Amino acid sequence: MAKQKKQYSSRKASQFNIWRSIFQFLVCKIGYMIRLKLVYRIEVHGLENVPQNNDYIVCPNHLSTLDPPLIVAIMPRSVSFMAKKELFDIPFLRWWIDWLGAFAVNRESLGPSTIKTVKIIKESNWVLGMFPQGTRGIPGEIRGVTKGFAGLAKITKCNILPIGIIGSNEVKRWPFSGKIIVNIGTPIPYDKDPDVVKEKWIQQIQELTGFKYIEDSTKTDGGTEQDG
């Protein structure tokens, strides 16, 4: 089992291939997008802010399990999201998120395999996706923001693309019964000081969502949590 976990946290360039891109396209850009439009009446603003190259990390706020496929559905490039390693212990889910391009990450710290995988993603045509909050938050609030994403931006020389998501936490099943608004902000340049990038991300997400940032003194900045 230990060998399997290591495999899902360390990716090779060949794994970010056309087949995973096609699978992601069919599942998210067609399958999920039908649901997002038919049920949630999704609105996306700010697509003109998305860089033409892939020298950026997609960093949305996090409200629900719908967020990763939602982001993949609206982004012009394939997105590889970090997911907590525990998700790869579940057989079918492991296969599903693996083929959607996700890779395992330790909730406590960013190991060498994670950093290596992030660099490989940049060298491909994909972009990295991660949630600075780590785990799902409460609507109206922005809590638990670590600076691991800013550290990765510094290491990979990637800018941060802030994305504000509103309404994805509401579970709806009837046509046109929900409402999701996605606001894409302007890229935040990477900086040698991760705290600078973290503060700029928080500021933009507050503006993009209308949510209020609340400092969480119990959250450490040593690592990152991604629950997918």
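Tutor: Begin with a definition: a residue is buried when its relative accessible area is under 20%, exposed when it is over 50%, and partly exposed in between. Keep in mind that the model is a predicted one.

Student: What is the C-alpha separation of Leu161 and Ile184?

Tutor: Their C-alpha atoms are 7.5 Å apart, while along the chain the two residues are separated by 23 residues.

Student: What makes strand 7 a partner of strand 2 and of strand 8?

Tutor: Two strands pair if there are at least two bridges between them. Strand 2 (residues 56-60) and strand 7 are joined by five bridges and run parallel. Strand 7 and strand 8 are joined by four bridges and run antiparallel. Cys59 stands opposite Pro162 of strand 7, and Ile166 stands opposite Ile181 of strand 8.

Student: Which order do the strands of the sheet follow?

Tutor: The sheet is open, with seven strands in the order 1-8-7-2-5-3-4 and mixed pairing.

Student: Why are strand 1 and strand 4 said to stand at the edges?

Tutor: Each of the two has a single partner strand, so one side of strand 1 and one side of strand 4 (103-105) has no neighbour in the sheet. On average, neighbouring strands in this sheet are turned by 25° against each other, direction ignored. For strand 4, three bridges join it to strand 3 (residues 79-84), and the two run parallel. One detail is that Ala83 has Ala104 in strand 4 as its bridge partner.

Student: How do you know that the buried residues of helix 5 line one face?

Tutor: The buried residues in helix 5 are Thr114, Thr117, Val118, Ile120 and Ile121. Looking down the axis of helix 5, these buried residues fall within an arc of 160°, so they line one face of the helix. Pro112, Lys116 and Glu123 are exposed on the other side of helix 5.

Student: What is the span of helix 5, and what is expected?

Tutor: Helix 5 (residues 112-123) has twelve residues and reaches 17 Å from its first C-alpha to its last, close to the expected 16 Å.

Student: Why is the pair of Phe23 and Trp95 given the name it has?

Tutor: A pair of aromatic rings is described by the distance of the centres and the angle of the planes. There are nine aromatic pairs by the rule used here. Rings pair if their centres lie within 6.5 Å, and planes over 60 degrees apart count as edge-to-face. The ring centres of Phe23 and Trp95 are 5.7 Å apart and the planes stand at 75°, so this pair is edge-to-face. Phe23 is in helix 2 and Trp95 is in helix 4 (residues 91-99), 72 residues apart, and the pair thus links distant parts of the chain.

Student: Which accessibility class does each of these two residues fall in?

Tutor: Phe23 has a relative accessible area of 18% and is buried. Trp95, at 40%, counts as partly exposed.

Student: What makes the pair of Trp95 and Trp96 tilted?

Tutor: Planes under 30 degrees apart count as stacked, those over 60 as edge-to-face, and the rest as tilted. Trp95 and Trp96 have 45° between their planes, with 6.2 Å centre to centre, and the pair is tilted. Trp96 is partly exposed, at a relative accessible area of 26%. Ring pairs link Phe23, Phe92, Trp95, Trp96 and Trp99 into a cluster.

Student: What makes Phe176 and Arg41 stand out in their phi angles?

Tutor: Neither is a glycine, yet Phe176 has a positive phi of about 60° and Arg41 has a positive phi of about 45°. Phe176 is in the loop between strand 7 (159-166) and strand 8 (181-184). With 52% relative accessibility, Phe176 counts as exposed. Arg41 is in the loop between helix 2 (18-38) and strand 1 (43-45), and at 36% relative accessibility Arg41 counts as partly exposed.

Note on methods. Residues are numbered from 1 along each chain as its sequence is written. This is a predicted model: local features need pLDDT of at least 70, side-chain atom pairs count only at pLDDT 80 or more; totals for chains, interfaces and linings use all residues. Side-chain values use heavy atoms; hydrogens and water are left out. The expected span of a helix is 1.5 Å times one less than its number of residues. Buried means under 20% relative accessible area, exposed over 50%, partly exposed in between (1.4 Å probe, protein chains only). The arc is that of the directions from the helix axis to the C-beta atoms. Rings of Phe, Tyr and Trp (its six-membered ring) pair if their centres lie within 6.5 Å; planes under 30 degrees apart count as stacked, over 60 as edge-to-face and the rest as tilted. Axes are lines fitted to C-alpha atoms, for helices over the stretch in contact, and angles run from 0 to 180 degrees between N-to-C directions.
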